[in-house]
Amino acid sequence: MKNLTFIFISLITFAACSKTDQFKTPDDMVEHALKSVQLIKSEELHELMENYEVYTLVDVRQELEHYRGYIPGSVNIPRGSLEFNIGDRGFWDEAGLYEPEKDELIILYCHKGQRSTLSAVSLKQLGYKNVRVIDGGYKKWELTYPDIYEKDLDKLSGQDPKPKKSGAC
């Protein structure tokens with residue numbers, strides 16, 4: 001009887017420990033992710049920019065979204081290729097930037113903050129320790145600082161001579 005009780009308790013413990021989170025909607029997933037992600041306000045990022053602080057600013061939106069308007073100094077790594085490119089020295093060399101160290105400040109943004117929140121969870125799982133997400137995303141930045149943005153009109157017109165690497169696939 002003791003053996004049977006031990007096996008039963010062991011099975012329950014195993015089942016509880018191996019449980020993975022499942023969500024009904026993407027919004028539920030983002031809400032859950034927000035519990036483990038640190039946010040940064042647009043004003044705080046602006047202050048970092050003004051004080052020439054060291055950080056890496058990553059726009060995880062799709063390329064066309066990025067080219068229409070982005071925060072100065074940001075590098076575009078779409079969410080679908082972020083995990084593959086964030087630690088790829090070749091990617092950073094091509095971008096003309098230094099590859100961020102695991103303990104450096106990395107600030108992510110997307111349109112409203114949802115994709116960047118999920119991206120922050122991925123970066124934390126890859127061992128990046130100082131990841132922040134712009135609260136409200138590019139939309140909040142644009143409302144707060146409507147004159148501080150850049151566009152890439154050449155890329156919008158389709159004049160990009162070489163396509164970017166898209167990840168492992």
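Tyr138 comes out as buried, because its relative accessibility is 5% and buried means under 20% relative accessible area (exposed is over 50%, partly exposed in between; 1.4 Å probe, protein chains only). Keep in mind that this is a predicted model, where local features need pLDDT of at least 70, side-chain atom pairs count only at pLDDT 80 or more, and totals for chains, interfaces and linings use all residues. Residues are numbered from 1 along each chain as its sequence is written, and side-chain values use heavy atoms, with hydrogens and water left out.

**Aromatic pairs**

- There are three aromatic pairs in the structure, meaning rings of Phe, Tyr and Trp (its six-membered ring) with centres within 6.5 Å; planes under 30 degrees apart are stacked, over 60 edge-to-face, the rest tilted.
- One of them is Phe91 with Trp92, which is edge-to-face because the planes sit at 90°, with ring centres 5.3 Å apart.
- Phe91 counts as buried because its relative accessibility is 14%, and Trp92 does so at 1%.
- Another pair is Tyr109 with Tyr138, stacked at 6.1 Å centre to centre with 25° between the planes.
- That pair links distant parts of the chain, 29 residues apart: Tyr109 belongs to strand S4 (residues 105-109) and Tyr138 to helix H8 (residues 137-144). Helices (H or I, at least four residues) and strands (E, at least two) are DSSP runs, numbered from the N terminus.
- Tyr109 is buried too, given its 0% relative accessibility.

**Surface charge**

- Glu43, Glu44, Glu47 and Glu53 make up a negative surface patch; patch residues have over 30% relative accessible area and no salt bridge, with like charges joined within 9 Å and nonpolar side chains (Val, Leu, Ile, Met, Phe, Trp, Tyr) within 5 Å. A salt bridge here is a side-chain nitrogen of Lys or Arg within 4 Å of a carboxyl oxygen of Asp or Glu.
- Glu47 lies in helix H3 (residues 42-50).

Technical notes:
Accessible areas come from the Shrake-Rupley method with a 1.4 Å probe; for residues, only the protein chains shown count as cover. Lys and Arg count as positive and Asp and Glu as negative; His and the chain ends are not counted. The place of a charge is taken as NZ of Lys, CZ of Arg, CG of Asp or CD of Glu.
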